[in-house]
Amino acid sequence: MGPAPADRPREEYRRSASFNQDKHYSLIEATRNTEEPLASWLAVTFEVEGTLHRGALEKALLHLVRRHHCLRCEFRRLTEDLALAVYGPDDIELEAVDMGAFDTPQEVRAFLADSFQKDADTLVWPPYTMGAVVRDCGSTTVYLAFDHIVSDGMSMPNIAYDVQTAYAAYCAGEDPELPPAGSYVDFAREQRHRYASIEVDDGSLAYWKAFIARNGGIFPRFPLDLGAEPGRLYPAFNESATLLNDREAEMLEVRCREVGGKPFMGLLAAVAVALREEGGPDLYRALLPVSERGRDTWRHSVGWFVNTLPIEFSVARELDFAQLIAGVRDGFSTMMESIDVPFVRAWELLAPEYFTGRSWPFPVNFVSYIDMRKCPGAENHARWRPMAYVWVSCVNGTTSWFQRDSDGLHINSIYVDIPQAHQTMARLQDTLRKTLRTMARSAAM
C-alpha cells in the first residue's frame, strides 16, 4: 500500500526543511549517480490481532499520513536551501495494491527488503512505503518503512501506536481519538529562524568549541581498529543481540539509581569501560544523539527530532561505580546546556572542511539509546510485538543503537563489513556484555 496524491495542487515550495533534512537530502542527491550512492531507511513492524479488517487498516494508514505534516511533505532544492511543500490532508488518497502470494518467509523478506530500498527514497514522493503480510493462518504483520528524512527512532513506536489505535477505532465503527501531535514542519521552521543566521563567534557554540579544542576536532574517533581505510566507504553489516535480560537490566537500573544516576548513564559507563578494556582511552568521548521532543508538543509526533552532541567523561580505572556514574551525569548535564544548537549547523560553522564530504572523515564514536517502555502504547507491546529496523547502504565506521524494552537491553550495530571489523566488534560486544553484568551485580569495578 502507498499514499497517492489526489489531483489537487499542493502548497508551493516555500517552507524551509530542518538542518537534518537539508544535510541528508544533500548527501543523497550528491551521491545518487555515483558508484556508492548513499541511502538509509527506518522501519517498524507490528502484529494485528484476529482476522484482518482490510478496510479498517487502509483507513488507519491513510489517517497516519493525514495526521502528520512531515509525511505530507515533498522536498525540492531551491537555490541554496531545501524547500518543501505540504499536501493538505484532503489531498491525500491511498491506493491499495495486492502484491501477490509468497510461498516462503525467505521470499517475503526478500520482497520487503527490495521494496524498502526502492520505495523509501529521499528524492521521490512519498519517501516511504507501507503494507501488510496477511497469512493463511489468520495472523497479519503490518509494515511501514520510511526514508530518514521524515522519521527517527522515536517515530517508529509512535507510528505503531497511531496505526493500532486508529485501526481498533475503525474496526469498531468509530473515529480515532489520539493525542495532539505537533508538526515537524513547524519545528523545522522555528529551528531555522533561531539558528540559520548565527556565525562562528556566536556564544551558543562555546561548548562545541571547548570540546573541539580538547578533542583535536569536531568528531570523536572510534578508538578501536576496524580495519577501514581512510576516505573509503564499505558495504554495511547489520547485527542485533541481547546484552541483558529483563531481570539483569532491572538490576543495573537499581544500581544506577542508588548512586544518583539513570539507566542510560549506566549503559554509557559500561560502553566506556568496555572500550577501555579493549584498548581504548581512559577518557571517553562520543557523539550522542538526543531527542528534541522535550515538550509534550512533540511527544506523539513523527519527524526527525534528533540533535547530536559530544559527551565526554573519565573512565579511569581507579574510579568506583558511584564516581563513574557521577562523571557521566556531570558530562551529560554539561552537554545538555547546548541541546538547542543544531549539530549540522555547528558542523558547518566549526568544521567546514568536512561539511561537504559524503561521510564523516573517519570512524566516529557514536551511540544511541531508546527506552521503549516509555513510548506511547508501551503497555500493549506484548500484544502488538513491535519491531524497529534500521538500514544504511554503506559506512566507513560503526554506529550502535541500544534499546531497553520489557525483555531486556539490546544492541543493534552497523559497521563496515570487513574481517577486522567483525573481530573487533565481536570482542567489544562480549566485553560490553560482561561489563554490564558485572555492574548489575556489584557497584565495585
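# A walk through the sheet, the cores and the rings

Residues are numbered from 1 along each chain as its sequence is written, and side-chain values use heavy atoms, with hydrogens and water left out. The model is a predicted one, in which local features need pLDDT of at least 70 and side-chain atom pairs count only at pLDDT 80 or more, while totals for chains, interfaces and linings use all residues.

Is Thr308 buried or exposed? With a relative accessible area of 10%, Thr308 is buried. Buried means under 20% relative accessible area, exposed means over 50%, and partly exposed is in between (1.4 Å probe, protein chains only). Setting aside neighbours within four places in sequence, Thr308 is in contact with Trp208, Leu287, Leu288, Pro289, Phe343 and Phe366, where contact means heavy atoms within 4.5 Å.

From here we can turn to the nonpolar cores. A nonpolar core is a set of buried Ala, Val, Leu, Ile, Met, Phe, Trp, Tyr and Cys residues joined through side-chain atoms within 4.5 Å. In soluble globular proteins, nonpolar side chains tend to be buried together. The largest core here has 76 residues, and the members that touch the most others are Trp208, Leu268, Tyr284, Phe402 and Leu436. Helix α8 (residues 263-277) gives the largest share of this core, with eleven residues. Apart from this core lies another, of 45 residues, including Trp125, Met130, Met156 and Ala160. As for Leu268, its contacts beyond four places in sequence are Tyr284, Leu288, Ile311, Phe313, Val328 and Val367.

Next come the aromatic rings. How many aromatic pairs does the structure hold? There are 24 aromatic pairs. Rings of Phe, Tyr and Trp (its six-membered ring) pair if their centres lie within 6.5 Å; planes under 30 degrees apart count as stacked, over 60 as edge-to-face and the rest as tilted. The ring centres of Phe219 and Trp347 are 5.4 Å apart and their planes stand at 85 degrees, so this pair is edge-to-face. The two partners come from distant parts of the chain, 128 residues apart: Phe219 is in the loop between α6 (206-215) and β9 (234-245), and Trp347 is in helix α10 (residues 343-350). Both Phe219 and Trp347 are buried. They also belong to a cluster in which ring pairs link Trp208, Phe219, Phe343, Trp347, Tyr354, Phe355, Trp360, Phe362 and Phe366.

Some rings have a charge over them. A charge sits over a ring if NZ of Lys or CZ of Arg is within 6 Å of the ring centre and within 35 degrees of the ring normal. Arg221 lies over the face of Phe362, at 3.8 Å from the ring centre, and the charged end of Arg192 sits over the ring of Phe19, 4.3 Å from its centre.

Now for a sheet. Strands of a sheet pair through backbone hydrogen bonds, either parallel or antiparallel. Four strands form an open sheet in the order β7-β8-β3-β13, with antiparallel pairing; two strands pair if DSSP finds at least two bridges between them. At the edges are β7 and β13 (387-392), each pairing on one side only. On average, neighbouring strands of this sheet are turned by 15 degrees against each other, direction ignored.

Within this sheet, strand β8 (residues 140-147) has eight of its eight residues buried. In a regular strand the side chains alternate between the two faces of the sheet. Both faces of β8 are covered, with Thr140, Val142, Leu144 and Phe146 on one side and Thr141, Tyr143, Ala145 and Asp147 on the other. Eight bridges join β8 to strand β3 (residues 40-48), and Trp41 has Asp147 as its bridge partner. Seven bridges join β8 to strand β7 (residues 128-134), where Thr129 stands opposite Ala145 and Val134 opposite Thr140. β7 and β8 form a hairpin with five residues between them, and Gly138 in the turn has a positive phi of about 105 degrees. Helix α3 (residues 105-119) lies across β3, β7, β8 and β13, running at about 165 degrees to β7; axes are lines fitted to C-alpha atoms, for helices over the stretch in contact, and angles run from 0 to 180 degrees between N-to-C directions.

Conventions:
Helix = DSSP H or I, 4+ residues; strand = E, 2+ residues; numbered from the N terminus.
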